[in-house]
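Please read it alongside the sequence and the model.

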Amino acid sequence: MTDLINLMNDLLWGSILVYLLVGVGIYFTFRLGFIQFRHFGHMFSVLRNSRKSDSSGISSFQALCTSLAARVGTGNMAGVAVALTLGGPGAIFWMWMTAMLGMATSFAESTLAQLYKTRDKDGNYRGGPAYYMEKGLGMRWMGVLFSIFLIIAFGLVFNAVQANSISSAMNTAFGFEPLHVGIVIVLLSSFVIFGGIRKIARTAELIVPFMALAYIVIALAVVFINIDKLPAAINLIFRSAFGLEQAAAGGIGYAIAQAMINGVKRGLFSNEAGMGSAPNAAASATPYPPHPASQGYVQMLGVFVDTIVICSATVAIILMSGEYVPHGEITGIELTQRALSSQVGDWGSIFVAFAIFFFAFTSIIANYSYAETNLIFLEHNNKKGLVVFRIIVLGMVMFGSLATLPVVWSMADVSMGLMAIVNLVAILLLSGIVVKLAKDYNRQLKAGKLPTFDANDYPELKSQLEEGIWDNNKSQ
């Protein structure tokens, strides 16, 4: 079984996905006119009015926090350490590149999710790649395939990954038994996920901003203490990314390939751009400005915060600590804990344990919310099926608390890769609509208007959209 998983990983990540992810990111960057750079400031402007919502949706700020809850977790603290160990410091450069290009990809998928959202039987907004595959492309089979991959990836495997990092961090910091940690995680998770999408959003809104800010402040303190080492660390990342560090020893091509593969892989796992996960949160929001593209800007910001800000914080902590050993045995969350402890003392390991607990816990509940949305797409609000699924999810959380890291990471990579391929194909096929919506939004913005979408202005799209969501939007 392990050999099969490794074979699929090599096939997906050794060639197909690295080129596809980077290629799609470049494609949308050009087609949207370098939107992530030209409109960088506008992402923050949209966020200023992000707390508005209605009876059907959560606020844009809650949608951002929910998507960040899923993004900010194991990938930022354990995944960065894994990328450094396997791919060298050069992997970080490719993580950054994946994020910068991925911002345009994230704009595309989140804008489409908003456009094609629906209301469930409880009146809540639901949407995501499965929905735009069915409504925008007329390919329900494709949406079903994506939903199955997402449920496996986010509902099951990724939650095992997050629980694995929590139990590992708590064992390193306090010596707690993984079984006991797993029981606590299961109890806390069940309390939130049985409360539904709004409880998940409120929990994420409370925890994520506080923990992210605390982590960034600690990382900045480490950088300040070691400010003299900063130029050397940055130089090491860029030299390693292009094989200059390894040129003298030979094997330059292999070094670059390893840096690129591990950087892109861990970058995607962290920021999820193009994977099709964050659009599930974006679709649940009441957008302001009331236009699908506004959620594209919000989720672009999510990618930036996740990788360029929080992942870089972990990089700084590890590279400036002296604890980093290329291809060393110490990796994952343990390396991050050791690195911080070497800088600030023993409490550093405890801080990382608490940080990973809250980051990974919010990831578990946000991942579940994505899976729930796709289960509803498949089963159309089968309440009994939902309860059974929640129990299975909690079982995977317990499994992850007790499993070994390499097996869980490998399973995560395969499931993530398959859903990413399906989603990337879909957004490429719908790219014309993304460009049309971006132009409409920015035309209104330049005219000094509040960008507002009305389906009646787009008869070619209106028949594909859920009735009552975007009709006569301008008069509301």
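1. The lining of the largest cavity comprises 5 nonpolar, 5 polar and no charged residues (Ala, Val, Leu, Ile, Met, Phe, Trp, Tyr, Cys and Pro count as nonpolar, Asp, Glu, Lys and Arg as charged, and the others, Gly among them, as polar). This is a predicted model, in which local features need pLDDT of at least 70 and side-chain atom pairs count only at pLDDT 80 or more, while totals for chains, interfaces and linings use all residues. Residues are numbered from 1 along each chain as its sequence is written, and side-chain values use heavy atoms, leaving out hydrogens and water.

2. The lining residues are Leu21, Val22, Gly25, Thr98, Leu101, Gly102, Thr105, Ala273, Gly274 and Leu424 (on a 1 Å grid over the protein atoms alone, a cavity is a set of points where a 1.4 Å probe fits but cannot get out, and lining residues have an atom within 4 Å of a point). Helices H1 (2-31) and H6 (90-115) each contribute at least two of the lining residues, with H6 giving the largest share, 4 residues (helices are DSSP runs of H or I, at least four residues, numbered from the N terminus).

3. Helix H4 (residues 60-71) packs against helix H16 (residues 347-379) at an angle of about 115 degrees, with the axes 7 Å apart (axes are lines fitted to C-alpha atoms over the stretch in contact, and angles run from 0 to 180 degrees between N-to-C directions). H4 is therefore roughly perpendicular to H16 (65 to 115 degrees).

Definitions and conventions:
Angles under 35 degrees count as roughly parallel, over 145 as roughly antiparallel, 65 to 115 as roughly perpendicular and the rest as oblique. On a 1 Å grid over the protein atoms alone, a cavity is a set of points where a 1.4 Å probe fits but cannot get out, and a pocket is an open set with protein on both sides within 12 Å along at least five of seven lines; lining residues have an atom within 4 Å of a point.
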